[in-house]
Amino acid sequence: MTHDPSDAAIEALYLESRTFPPPAEFKAQALVTQAAVYDEAEADWQGYWARQAADLLDWDEEWHTILEWDRPFAKWFVGGRLNVSVNCLDRHVAAGLGDRVAYHWEGEPGDTRTITYAELLDEVQRFANVLSGLGVGRGDRVAIYMPMIPELPVAMLACTRIGAAHSVVFGGFSSDALRDRINDAEAKVLVTADGGWRKGRANLLKPAADVAVADTPSITDVVVVRRVGEPVEMREGRDHWWHEEMGKVAATCEPVSMGAEDLLYLLYTSGTTAKPKGIMHTTGGYLTQVAHTHKYVFDLKADRDVYWCAADIGWVTGHSYIVYGPLANGATSVLYEGAPDHPDKDRWWSIVERYGVTILYCAPTAIRACMKWGAEWPQRHDLSSLRLLGSVGEPINPEAWMWYHTHIGGGRCPVVDTWWQTETGAIMISPLPGATTTKPGSATFPLPGIAAEVVDEQGRPVGEGGGYLTLTRPWPSMLRGIWGDPERYEQTYWSRFPDRYFAGDGAKLDADGYLWLLGRVDDVMNVSGHRVSTTEVESALVDHPTVAEAAVVGARDETTGQAIVAFVTLRGGVTADAEHGEALRAHVADKIGRFGRPKTVIFTDDLPKTRSGKIMRRLLRDVAEGRDLGDTTTLADPAVVDEIRRRAVATP
Ligand code: 6R9
């Protein structure tokens, strides 16, 4: 099901006409300054990617074929062999960079750790041996459910060393969500922690992991990092402390040479049905494109920059731009565990100042929160080390772009608005900061080697105007499929427009050829840059014994981009009051995780439906956003709308 990108959003963007060419000072030192790189890539796009693969990575064996394209199934660098951990660690240490800092880690309570490439390699090899000792081998899946601590990238890289695939589950997910993901992937081992720090509190993970693992037949062992020091239950024979196991194993572990198309990881993301999709990424093409984009989009000088991506590793942004891209490039990164406003609203800016961060990559939702808190918080700190700012996860409104540029970037830093998805693996549409003139709110152009088109309902390119964003040819880090469900892969991405990839986003092309991303056109919401499916939340709601029917929409929200609004009809005899609304919100948190909780629950006696019985979400969204209601004549019972509207106003 699709709906049109909102007219109001298009209107607002049409009004935006400011342009920002790369500042002279930035351009003078940039890796790419000429638009000629686009033509060069276009002349031979496969050759372009092959050059990147050869330049940026070390291969055990070279590929014999750059691309095998049997639509919609792609194989890149066929015949090539490499090990991802070797590319991220060993080769830098071998090049004499063992003492370079890989991560400046900072825990929320203020504890810190500096981890060099040599130390990271040591820990990765040890943990790889721990996993091997537990019977994990090539092709097995390892589930990871952890806070933002150094052991998280260590566990991921240890998997890659021995050819196992990881499936990281964001620490904000509930035990139910963790259980479902483990079972879908049939993971053998779970790596977790007692908990992590968030807003001054220990957010416990092990108890949730215990509940999940009670119902996951494939899990044989659980490895637990002690982070918060809370007492946890350790099941004899199944559960092992990380620190004890690490002391028992050898310090070296021979890397397994992997085929370029072997599975690197699964990452579950929300689609338009209640069942999350296990997005599959493989080694060679993925690592090529994340390394390439990390280097050129962020204009990385690995020997000088201090790079900070403030996402969580549990989402794709963290996989590609905290772990694989930066490490493949030998970069020095900041890794921060906690909330941006703990102990106060200048925590981020104190981190930028103390580590001398030069490149900052975060989500518009964080920028909008900072706007709300006020410019006085960043002003308390010296942010002059910053030279480049990035944005990801949702459309950035021109106001937030300008605030970021002015108050964080001091007017001197280019802003790169980067569009991509879990499915694309790496950045697809973004400025090249030394070459592209930016417009606030526009992700500008597809990167060299990438081809995108905005098309209408019939799949015809729109020229200037609004439509659906599609990608017209394969790219190295594209998803290779949905775990266990090749049909759904074809159906979701390659059937709406048979000859192209359908991203699920609306976009507008302006007269200068700039792309403006407008948000999802399907039933996926974007809340604070997190993807949540309306159906997933609806299933969680109707799972509650008192709920007869539920319809969920994403309503525009000043801070979080979208907010989840649930329209609920209750079974007879149940009182529709605020207390019950709270109970339903808590139930959704149990089923999905706190971030999936509706912000507002609106009780209603009926839901607006078409004559064929389809819930009219567009109308509900209008109600939720307090907009004027348009034509409601296709409704089975137009009176329902008035009733809902009355309640929507009455509910805080
Ligand atoms: C990387 C990531 C993907 C969805 C995507 C789109 C939205 C991401 C954006 C953006 C506008 C940007 N999105 N970046 N929209 N401008 N720069 O966020 O992956 O969690 O899979 O979400 O996020 O709607 O389809 P993922």
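Reader: In which helix is E538 found?
Author: This is a predicted model, in which local features need pLDDT of at least 70 and side-chain atom pairs count only at pLDDT 80 or more, while totals for chains, interfaces and linings use all residues. Residues are numbered from 1 along each chain as its sequence is written, and side-chain values use heavy atoms, with hydrogens and water left out. Helices (H or I, at least four residues) and strands (E, at least two) are DSSP runs, numbered from the N terminus. The helix that holds E538 spans residues 534-542 and is α18.

Reader: Is E538 buried or exposed?
Author: The classes rest on relative accessible area, with a 1.4 Å probe and protein chains only: buried is under 20%, exposed is over 50%, and partly exposed lies in between. Because the relative accessibility of E538 is 9%, this residue counts as buried.

Reader: How far is the backbone nitrogen of V552 from a polar atom of the side chain of E538?
Author: A polar contact is a pair of N or O atoms within 3.5 Å; within protein, one must be able to donate a hydrogen and the other to accept it, and residues adjacent in sequence count only if both atoms are side-chain atoms. For the side chain of E538 and the backbone nitrogen of V552, the distance is 2.8 Å.

Reader: How many disulfides does a search of the whole structure find?
Author: A disulfide is a pair of cysteine sulfur atoms within 2.5 Å. The sulfur of C362, a residue buried at 4% relative accessible area, has its closest cysteine sulfur in C370, 7.4 Å away and therefore too far for a bond. C413, buried at 1% relative accessibility, has its closest cysteine sulfur in C362, and that 12 Å is again too far for a bond. Across the whole structure, the number of disulfides found is zero.

Reader: Which residues around the ligand come nearest?
Author: A residue is near a molecule or strand if one of its heavy atoms lies within 4 Å of it. The shell divides into six nonpolar, six polar and five charged residues, where Ala, Val, Leu, Ile, Met, Phe, Trp, Tyr, Cys and Pro count as nonpolar, Asp, Glu, Lys and Arg as charged, and the others, Gly among them, as polar. Of the 17 residues around the ligand, those that come nearest are D417, T418, T422, D505 and R531.

Reader: Which residue in β8 is the bridge partner of Y145?
Author: Strands β6 (residues 141-145) and β8 (residues 189-193) run parallel and are joined by four bridges. In β8, the partner of Y145 is T192.

Reader: In which loop does P72 lie?
Author: The peptide bond from R71 to P72 is cis, with omega near 5°. P72 lies in the loop between β1 (65-70) and β2 (73-78).

Reader: What is the phi of F77?
Author: F77 lies in strand β2 and counts as buried, at 0% relative accessibility. Although F77 is not a glycine, its phi is positive, at about 55°.

Reader: How many of the nine residues of α13 are buried?
Author: The loop between β17 (332-336) and α13 (347-355) contains P343, and the peptide bond from H342 to P343 is cis, with omega near 0°. After α13 comes G356, with a positive phi near 65°. The buried residues of α13 are R347, W348, W349, S350, I351, V352 and Y355. The helix is mostly covered, and of its nine residues the number buried is seven.

Terms used: Two strands pair if DSSP finds at least two bridges between them.
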